[in-house]
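Hi,

Here is the structure I promised to pass on to you.

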Amino acid sequence: MAVPAAAKVARALAVSAAVLVLLWCVHFRGGLSLGSPTNKGLIFNVHPVLMLIGFIVLGSEAIMSYKILPWSHDTNKMVHMLLHSVALFLGSVGIYAAFKFHNESGVDNLYSLHSWVGLGTISLYGIQWLLGITTFFFPGASPTVRRRMLPWHVRSGLVVYVLALLAAELGSWRSSPSFRPAALAGTARKPCW
Ligand code: HEM
Ligand code: HEM
């Protein structure tokens, strides 16, 4: 089966975004480390890299799997499930990195729109994953229940996916040097990030 043109474009954009976020965090911001005792910025850097490459890129690939992979429905389902599982795991580690950075740098947790949208999104993603596993994989629901659940799974899956894109956009915007509303208003109590 030929890969549709739209999927090729989506993959090219995903690779470009992955290269850019790595370039930004590794080359311009000094690298990645979950346990740096002195440079706390390295702990933060894990967050955008894992959220983008782990959560968004792998999540997108998982959603496209039924449409672009050449294998049987059952194999594509396994790939869909595994990619979503890895995306959820890496996304959770990425969020842990953001909290660890805040805690070790004395910055408040959950003070931005991005952080609440992000936390809500990963929670919904976890629920979607759990329902997907139990309905379509293990233990698996009856054929009638699966048939009824499928349209709901597809719709809610797309909603959660769009929310994840929104969270990543808000996060990238938060990280922009031009985003300093508290500093501009002269009310900054903590570093903006
Ligand atoms: C879907 C993807 C993402 C999710 C679910 C997410 C989630 C979160 C959460 C829950 C926090 C709060 C941590 C705390 O309060 O201790 C946070 C913080 C942060 N994230 Fe993300 N994030 C995502 C992507 C990104 C990306 C791609 C960037 C940057 C390019 C980014 C930049 C930030 C920044 C600067 C903070 C600290 C400031 C703040 O809380 O707004 N995030 N993120
Ligand atoms: C957060 C995780 C998940 C999201 C966001 C998600 C999202 C989606 C989306 C958008 C589709 C439609 C794909 C298409 O039209 O080609 C879909 C289909 C499907 N998903 Fe998921 N999914 C998730 C997890 C799971 C899990 C864990 C399973 C368990 C095996 C699963 C099983 C399925 C099945 C069986 C289909 C139907 C494919 C078909 O017959 O057309 N999903 N999912």
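Below is what I found, going from the whole chain down to single residues.

First, some housekeeping. This is a predicted model, in which local features need pLDDT of at least 70 and side-chain atom pairs count only at pLDDT 80 or more, while totals for chains, interfaces and linings use all residues. Residues are numbered from 1 along each chain as its sequence is written, and chains are lettered from A and ligands numbered from 1 in the order in which they are written.

**The chain as a whole**

The protein chain has six helices and zero strands, so its elements read α-α-α-α-α-α from the N terminus (helices, H or I of at least four residues, and strands, E of at least two, are DSSP runs numbered from the N terminus). Its C-alpha trace spans about 60 × 30 × 30 Å along the principal axes. Of the 193 residues, 23% count as buried. By that I mean 20 or more other C-beta atoms within 10 Å of a residue's own; 12 or fewer is exposed, anything in between is partly exposed, and the C-beta atoms are placed from the backbone. Among the contacts with a separation of 6 or more, 66% are between residues 24 or more positions apart. Two residues are in contact here if their C-beta atoms, placed from the backbone, lie within 7 Å.

**Helix α1 and what follows it**

Helix α1 covers residues 5-28. Its 24 residues reach 33 Å from first C-alpha to last, close to the 34 Å expected at 1.5 Å a residue (the expected span is 1.5 Å times one less than the number of residues). This helix is hardly covered, with two buried residues among its 24. H27, which lies in α1, counts as exposed because it has 9 C-beta neighbours inside 10 Å. H27 and L150 are 123 residues apart in sequence, and their C-alpha atoms are 44 Å apart in space. Just after α1, G30 has a positive phi of about 90°.

**α2 against α5**

Two packed helices are described by the angle between their axes and the distance between the axes. The axes of α2 (residues 41-68) and α5 come within 11 Å and cross at roughly 155°, which makes the two helices roughly antiparallel. Axes here are lines fitted to C-alpha atoms, for helices over the stretch in contact, and angles run from 0 to 180 degrees between N-to-C directions. Angles under 35 degrees count as roughly parallel, over 145 as roughly antiparallel, 65 to 115 as roughly perpendicular and the rest as oblique. The crossing of α2 and α5 is left-handed (the near helix is turned anticlockwise from the far one by less than a right angle; clockwise would be right-handed).

On the α2 side, the contact is made by P48, M51, L52, F55, I56, G59 and I63, and on the α5 side by G157, Y161, A164, L165, A168, G171 and S175. These residues divide into 10 nonpolar, four polar and no charged. In this scheme Ala, Val, Leu, Ile, Met, Phe, Trp, Tyr, Cys and Pro are nonpolar, Asp, Glu, Lys and Arg are charged, and the others, Gly among them, are polar.

Do take a look at I56 in helix α2. I56 counts as buried because it has 22 C-beta neighbours inside 10 Å. Leaving aside neighbours within four places in sequence, I56 is in contact with M51, A164, L165 and A168. I56 and A164 are 108 residues apart in sequence, yet 7.1 Å apart from C-alpha to C-alpha.

The crossing is left-handed.

**Two loop residues to check**

In the loop between α3 and α4 you will find L110, whose phi is near 55°, a positive value in a residue other than glycine. L110 is exposed, with 12 other C-beta atoms within 10 Å. The loop between α4 and α5 holds P139, joined to F138 by a cis peptide bond with omega about 0°.

Best wishes
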